[in-house]
Amino acid sequence: MRRRRARLRAAAALLTAGLGLSACATIGITDVPEAPEGMIDVLRLPAEATGAVQGLINYNWLSTNPITSTWLYEPLMIRDEFTCEAIGWLATGYEWESPTRLRIDLREGVQWTDGEDFTSEDVAFNFLMAKEYPAADRGGLWSDLFGAPAESVETPDEHTVIVTFTGSAVAKTDKILNEIKIVPEHVWADVGDPTQYVDTDPVSTGPFVHESYNGRQLTLERNESYWNAENVKVERLILEGQYDANSGALAMRNGALDLYTGDIPNPERSVSRSGVEYYYPPGGTTVLAMNMTRPVTGDLAFRQATAYAIDKEALALRASFGIMDVGSQTMLKLPIQQDQVPEQWRGEEFIPHDPATANQILDEAGYAMGEDGWRTAPDGSPIALVFSVQAGWMDYIAMADVVVRSLQAVGIDAKVVTTDPNAVDSMKKSGEYDMVLDSIGGGCQRSRDLGGRLTTSQIPDGDTILLNIARYDDPEVDQLVEDWSASTDPAQEAGYLSEIVDVYMEQMPYIALQYSPVRLIYREDNAVGWPSEDDPYPTNNMLRVITTLRPPEDAA
Amino acid sequence: MTENETSAPAGPPPAQLAPVGTAAEADATNAPPGGAGSGQRPPAEDRWSRATKHVEGAPEVHVHVPRPPRWYAVLWSSKKARIGIVMLAFFVFIAIFAPMLTPHDPNDSSFVPVQDPSGEHWLGTNTLGFDIYTQLLFGTRLSLAIGVLGGLGVTLIALLIGMVSGYAEGTWLDDGLSFLTNLALVVPVLPLMMVIVAYSETRGLGLLVFVVAITGWAGHARTKRAQIITLRSREFVTAARFGGDGMLRIVFREIMPNMTSLVVSGFIAASTAAIAAEAGLSFMGFGDPNTVSWGQMLFQANANGALVQGLWVWLLVPGVFLALITTSLSFVNFGVDLLSNAQLREEEN
Amino acid sequence: MANERTTPVLRVEDLSVRYEPRLGTAVDAVKHASLTVSEGEFVGLVGESGSGKTTLAQAVLRLLRKPGRVANGRIWWGEDDVTDATENELRPKRWRDVATVFQSSMNSLNPVVRIEKVFTDVITAHSDSDADAAHERACELMDMVRIERSFLRMYPHELSGGMRQRVNLALALALQPKLVLFDEPTTGLDVVVQKQILDEIRRLQAELRFGAILISHDMGTILDFSDRVAIMLDGEIVEDVATDTLLTGGPQHPYSVHLLGSYGELLGEDVEGYDAAGLKAVEEREEQVAQIQEAVEVPTIVEITNLVKRFERRRGFRVEHVDAVTDVSLTLRKGEVTALVGQSGSGKSTIARIITTIESPTSGQVRYHPEGGGEPWDITRLNRKQRRVYGNAVQYVFQDPYAALNPALTVAYQLSRPLQNYRGMTKQQALDAAAELLEQVGLTPAAAYLARLPHELSGGQRQRVVIARALAPDPTLLIADEPIASLDVSIRAEILELLQSLVLRRGVGMLYITHDLLSAQMLADHAIVLQNGQVQEQGPAKEVIENPQAGYTRELLDAIPNPFQDRSVA
Amino acid sequence: MRYYARKTGYFLLTLWAAVTLNFLIPRLQPGDPAEVMVRQLTGRDGEIDPTQIEAVRAMLGYADENVFVAYWKYLQQLAQGDLGVSFTYYPFTVGEVIGQALPWTLGLIGVTQILAFLLGTFLGTYAAWRRNSRFDSFISVGSTFLGNLQSFWIGMIILFVLAYELGWFPAVGGYGYTTPGWNWLFVADVLSHAFLPALTLMVTAPIGFILGMRNTMVQELGGDYIRLAQAAGLPDRKVALGYAARNALLPTVTSFALSLGVLMSGSILVEQLFDYPGMGRLMGEATSNRDFPLMQAILLTTITIVLTASFVVDLLYGVIDPRARKSR
């Protein structure tokens with residue numbers, strides 16, 4: 001039956017190609033067998049492999065272009081970026097027994113898809129593999145960036161792994177738990193360099209197993225023996241095709257896709273009319289980074305004035321069609337993390353658009369307004385700031401445009417210069433810039449995400465991009481961040497955060513503009529339970545989303 | 001082409017004898033027989049006209065000056081070129097008077113985004129809050145500027161390399177330059193453009209012109225080389241050498257005036273290519289977002305999903321305008337071709 | 001048969017052809033021309049360039065292209081009025097009634113197919129013959145024009161110009177046409193080859209008895225060949241008489257008188273009613289030269305000894321040597337005219353190119369004796385300053401005045417450049433001097449010519465400008481490379497006259513390069529006959545020509561038709 | 001013989017120069033492949049993680065070595081036919097990657113180019129033969145306008161209208177759900193997917209051939225041998241096709257090879273638009289990823305194809321045009 005239909009379709013395609021006549025566009029959409037009651041037949045997603053060439057089969061998540069890196073291999077834990085709680089996955093919990101000793105408690109009863117048991121040996125193997133092959137060390141376990149390198153890995157029992165470090169390494173927690181995907185020792189032990197291993201027959205722990213791949217379309221089948229199988233209601237996943245803003249929007253609109261995580265400009269207008277929902281929770285904060293080593297941008301008064309001068313509402317409207325909220329200068333994701341805002345800043349989380357204040361600050365700091373309407377620096381030299389923006393990044397360009405207009409409105413001469421994105425990166429590395437846009441991560445390893453932005457150890461030297469691109473330099477803050485990184489006591493977290501937020505609010509090396517989105521555009525025809533404004537949960541890990549989905553009948 | 005009537009002594013106005021350049025009509029192209037001199041005073045050579053003096057009722061002798069038609073007349077005689085000139089004039093008009101044709105500023109993004117066409121916004125506004133009609137008008141400026149400057153750049157490089165290598169044909173200099181030209185012809189242009197653009201820290205008209213010139217000269221240099229090689233072996237060039245003129249003077253003063261129409265048509269073709277290249281580069285995101293250009297409009301329209309948002313105008317109109325302005329240039333070039341090829345004048349209409 | 005005799009193969013009545021270009025004024029290229037060709041009759045159509053001969057031919061062949069059109073009159077091919085016939089009506093008649101041989105032998109054969117294919121195409125288009133029959137016919141035709149049959153397998157570019165024209169002739173005869181129109185069939189060919197081709201045409205015409213029209217600007221050929229001559233001037237046929245009548249009774253129309261007269265002048269024949277006093281008598285000139293030579297020792301300008309020029313041509317891995325010039329010695333003196341005579345390929349142009357330093361000799365020496373004495377210079381080893389002096393002293397008069405003047409620049413510019421370069425004049429001085437030069441070459445008033453562009457001048461005027469330019473640096477030696485070959489008959493004598501007077505008045509030396517022994521006889525004091533790069537004969541011009549010793553010289557002399565003598569002998 | 005030797009020598013010299021340029025051009029671009037790659041993983045708005053960069057850099061294994069050393073290594077590798085390992089598709093070699101993409105482009109471009117050539121020369125010939133007719137002006141005006149349209153723009157319109165709005169053709173990809181292999185199902189699938197990109201290319205690709213052919217043919221029609229053929233009463237068709245078109249074709253054949261390169265460049269945008277798994281897209285991808293080995297290999301392949309094509313055309317020219325055989 002299925003074959004005959006396929007043949008008919010192919011005949012139609014032949015006709016199409018031959019005569020240029022109309023045929024059904026559904027060629028390429030496979031029939032899938034019906035799922036049992038209470039299950040979702042299939043969800044269609046864009047291909048994960050980003051490349052043009054997809055005929056090369058490799059499921060190795062360490063390679064640069066795996067066919068899928070989401071659905072097969074799993075991390076130890078998933079951090080909820082809203083609440084900052086760790087959700088158990090392959091591990092059920094962790095504890096820093098001291099700043100140099102991390103204990104991970106593994107889930108019991110997890111099986112590899114070939115029937116072998118998942119044990120602490122597997123996890124230890126993954127950690128040690130990263131030691132032997134630095135290229136596989138995606139969690140930075142053995143490197144000395146952000147905390148001390150690891151020293152040894154022990155497996156006291158089948159479900160416990162203990163990692164000891166040469167120094168304090170608490171800042172590495174999320175990298176180790178979130179980034180490293182665990183592969184089976186009994187398969188990978190023999191493959192040599194894991195990054196060069198071509199993994200065509202994956203043995204994994206994830207919610208899906210591969211069913212078929214024709215070089216373009218990947219079909220994944222539900223893993224019956226998944227440790228969390230009861231929560232996986234999706235029988236099949238089909239991953240196919242690359243989409244840009246336009247084709248993605250169109251595919252979503254006509255139902256060819258159930259989920260799209262790329263950028264669709266103005267989703268309100270382009271897709272939502274066709275029954276497509278979207279949810280853009282904040283993932284981080286897009287900031288205006290000021291070069292602290294240059295005369296004007298290095299001046300606190302100027303930065304403060306800039307913060308007041310920028311019309312952030314207009315900016316959000318231009319850059320994200322008003323979908324994203326104006327970013328808080330506390331660098332916390334508001335309103336979700338409202339309860340984490342340090343007490344002293346409650347109610348003052350946002351710097352208002354207030355040109356009058358900006359003018360006043362500038363006047364007071366000696367930025368005299370000249371006859372021509374432009375201000376000069378306190379030493380009398382003319383101001384000509386260059387705002388370097390990544391060419392082709394439409395929203396960044398829009399933001400830069402609004403910022404420059406706002407500055408011009410208070411008499412500061414600035415202009416936007418668009419440059420190759422990579423050239424902007426090298427400016428960040430070399431410090432040869434006045435103003436650039438950057439994104440501050442909204443993760444929960446705040447000593448690193450927020451603190452790293454301010455420590456001198458994170459000032460890039462020109463070769464490698466590091467976090468402190470504004471080149472903020474304060475020994476006290478360095479000490480603060482160091483202490484924070486070594487702290488294992490969750491109770492002290494709030495205190496450190498409060499101090500670091502003070503720096504952001506008062507020194508303004510980075511000026512918050514708007515939140516950067518973690519996009520999720522979806523249809524509810526086949527599945528419900530997607531995160532939304534009404535039911536918010538972080539979208540940064542799709543494993544978590546998939547285990548929340550239910551067939552629509554269930555909801556009804 | 002200087003007018004000779006002023007310097008000629010009084011006499012009947014020079015008559016047009018024959019269509020000049022109809023190559024097939026060897027008889028008609030050459031100068032008329034013995035019909036020289038100027039009215040009353042026959043030149044000494046002309047014994048035939050001396051002879052005619054003895055005969056009563058002999059036909060009056062005229063100065064038969066087969067002057068080719070003026071270049072503008074030739075240009076205007078072609079229907080396509082006429083259409084092209086009118087269209088081009090239209091675009092030039094828009095470019096010059098853009099501020100008077102619209103009440104808005106092309107860089108003003110303060111309008112309500114995504115408005116349908118109305119009396120206030122003739123073509124509506126785009127998702128970024130710009131007035132599409134205004135941007136379209138002002139975009140003409142950049143297209144024309146890039147056309148003129150890019151065309152000039154390409155023409156200059158092509159002239160220099162093509163002329164020198166053609167004149168020095170057979171020497172190592174020519175070998176080197178020809179090799180360079182052939183290499184430039186096979187190197188894929190787009191990656192090269194991308195590299196140059198990526199390497200430059202700022203975007204803008206200057207960069208675009210540079211990119212267009214550096215990637216577009218090879219083909220033109222080749223045709224100019226070929227042309228100069230045929231011209232170089234002409235006797236008048238040897239004559240100039242015997243007259244003591246140097247190489248540069250011969251190339252640019254003796255030979256160049258004879259290939260004006262080729263140079264002009266090369267310039268127009270290069271302009272066309274430059275305008276198209278700007279559109280392509282801008283579309284790929286290599287343009288300067290601070291300038292208003294049609295390529296930039298297309299890029300923004302595409303990046304902002306104009307089609308999926310139903311903003312057809314935003315995408316369609318700049319594309320059509322681009323095609324129209326380049327078409328107008330191509331049409332003008334039809335006319336320019338007639339200048340160098342008289343045979344075509346009778347063909348085309 | 002009597003009836004057929006009365007029907008001419010071609011009849012043109014009151015034909016006018018008008019060019020109506022889309023730009024510029026309309027021109028009547030042919031005006032009220034009437035012409036009749038009977039069966040077996042050979043009609044010559046003569047006239048200078050621009051007189052409308054070719055246009056008339058195109059009209060007769062019904063091949064006029066836009067913007068030309070028949071404005072008036074009728075054309076009959078045999079009994080059929082073809083003036084308004086459509087292409088489809090014409091097609092079966094073409095090549096059977098009227099065939100043609102075009103001027104440019106180079107381009108009139110399809111370059112990408114073998115010659116045989118052209119024959120088969122033509123033959124099969126008009127008959128039911130199969131390929132074999134066509135091949136047979138093609139072979140017969142090749143025999144007829146005396147070319148080996150194997151040439152049928154070649155491509156046009158593999159044949160020499162003469163061969164190609166023979167092929168064209170054979171092709172024209174493929175369908176035994178009633179009339180063949182020859183449009184300047186030998187232009188651009190070598191003199192000797194010209195003669196061969198023309199002889200071939202005449203032989204075949206006598207044999208096959210087709211009607212023929214021979215279009216030419218060469219009076220000699222026409223007079224030599226045709227039964228009847230039609231003379232065209234400005235699109236009109238001004239004279240249409242039997243050749244005998246023309247030669248014996250003298251022409252009627254003044255233009256015919258002029259044409260015939262200036263032709264006769266070169267041959268040393270008088271034509272009634274033509275004033276030939278232009279050229280100084282050879283004897284007079286001889287006397288003068290003799291006087292000069294006796295009075296003072298004539299200084300040498302350039303001396304060539306044992307000159308050899310060898311060209312290397314690589315063919316595959318073999319290197320072929322072609323000796324363009326073998327062991328030639330000659331001396332060029334002030335005030336003396338040396339003629340270098342030979343057909344194309346004889347090496348005469350190579351010698352000119354070596355003297356003008358365009359080429360360098362393989363061996364032998366070319367020495368320049370600078371003015372004011374001193375050691376002679378080897379012209380292959382000139383320093384910068386000497387090069388300049390030499391370039392100044394030796395100037396060149398080009399063959400084709402249409403090519404030698406830059407079409408985009410005014411006469412004034414082109415004349416003043418050498419003046420500025422060699423004589424260091426300012427722009428204004430150069431202009432004044434240029435005007436003077438123009439007067440010297442007989443272009444008066446000079447002001448009227450200075451501002452002109454070359455296309456505004458007639459052929460003779462152009463050649464005068466070319467000569468003026470060569471004189472501009474005040475040279476001591478002129479190299480005149482076939483200065484009259486591409487001019488119309490009626491101007492040739494004048495230009496020769498001008499050159500002669502310059503030699504006399506300014507005392508320059510001249511190397512006169514020509515294929516034409518007659519003009520050499522008139523102009524030169526000394527003549528050197530070259531063949532294949534070797535000197536066949538040299539001596540005083542008069543002796544060499546009147547009493548040739550070498551067989552080759554005689555061959556060259558024979559190639560020159562002299563209808564006056566032929567007729568008088570006959 | 002010498003002619004061919006010279007041509008071969010020239011071909012090799014150009015190839016060497018192209019190979020060297022290949023080495024240089026990619027390296028001139030700013031940007032570190034590891035950073036670009038990590039940036040791609042994290043997304044634009046994400047924060048670049050230095051630890052990841054460190055690891056990826058270690059994996060890709062390129063070092064900041066001396067340019068000359070790198071060049072020498074590159075030449076050595078090239079001599080051994082080793083094009084290196086792709087960064088984008090690590091750990092696959094560049095050879096494997098190109099092996100996947102090349103057939104698609106060759107198929108798409110090859111077929112459209114040949115179709116364009118046939119259609120273009122046919123229309124051009126006909127327009128020249130019937131010159132000044134309605135058809136002629138329609139063709140020359142129409143093709144001038146169409147030829148001036150931007151191919152990406154045409155592609156966008158075609159994609160939107162024919163694929164999305166009307167749904168007549170599959171929008172993206174080289175094929176759909178079928179399994180690659182020589183079965184007619186797959187072939188049909190491939191054809192239906194290739195239709196829109198091919199259509200996009202076909203709007204502009206024949207234009208050059210049309211106009212070029214028309215112009216040279218008009219020129220040839222003025223030739224003496226045409227006049228002779230007419231005087232000899234040969235049939236029109238024979239004069240047009242056997243004589244004029246045959247000669248006019250010669251320059252067109254030369255342009256065929258060069259336009260191949262142009263088309264390959266042009267296919268970058270079109271392939272990207274239609275998500276077509278060919279070399280054009282790969283090139284765009286390699287460039288944006290700073291995938292030096294892949295970029296080098298693609299440029300090398302493209303240039304080699306173009307050079308070889310023009311080399312072959314040069315050699316063929318002797319066969320087509322008898323004049324070229326001896327004189328050179």
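**View 1. Order of the elements in chain B of the predicted model.** From the N terminus on, the elements of chain B run α-α-α-α-α-α-α-α-α-α-α-α-α-α, which gives 14 helices and zero strands, where helices (H or I, at least four residues) and strands (E, at least two) are DSSP runs numbered from the N terminus. Of the 349 residues of chain B, 57% count as buried, a term that stands for under 20% relative accessible area, with exposed being over 50% and partly exposed in between (1.4 Å probe, protein chains only). This is a predicted model, in which local features need pLDDT of at least 70 and side-chain atom pairs count only at pLDDT 80 or more, while totals for chains, interfaces and linings use all residues. Residues are numbered from 1 along each chain as its sequence is written, chains are lettered from A and ligands numbered from 1 in the order in which they are written, and side-chain values use heavy atoms, with hydrogens and water left out.

View 2. Helix H6 of chain B (residues 172-186) has 15 residues and reaches 21 Å from its first C-alpha to its last, close to the expected 21 Å, the expected span being 1.5 Å times one less than the number of residues. Among the buried residues of H6(B) are Leu177(B), Phe179(B), Leu183(B) and Val186(B). Helix H6 of chain C (residues 161-172) has twelve residues and reaches 16 Å, close to the 16 Å expected; H6(C) is mostly covered, with eleven of its twelve residues buried, including Arg164(C), Arg166(C) and Leu169(C).

View 3. Ala124(A) has its place in helix H2 of chain A and is buried, with a relative accessible area of 7%. The C-alpha atoms of Ala124(A) and Glu154(A) are separated by 7.1 Å, although these residues are 30 apart along the chain. Glu154(A) is also linked with Glu95(A), Glu97(A), Arg101(A), Arg103(A) and Asp105(A) in a network of salt bridges, each being a side-chain nitrogen of Lys or Arg within 4 Å of a carboxyl oxygen of Asp or Glu.

View 4. The side chains of Arg523(A) and Asp525(A) meet in a salt bridge (3.1 Å, N to O); Arg523(A) is buried at 9% relative accessible area, whereas Asp525(A) is partly exposed at 46%. In chain C, the closest N and O atoms of Arg333(C) and Glu336(C) are 3.7 Å apart in their salt bridge. The salt bridge of Arg281(D) with Asp275(D) spans 2.2 Å, N to O, and both residues are buried.
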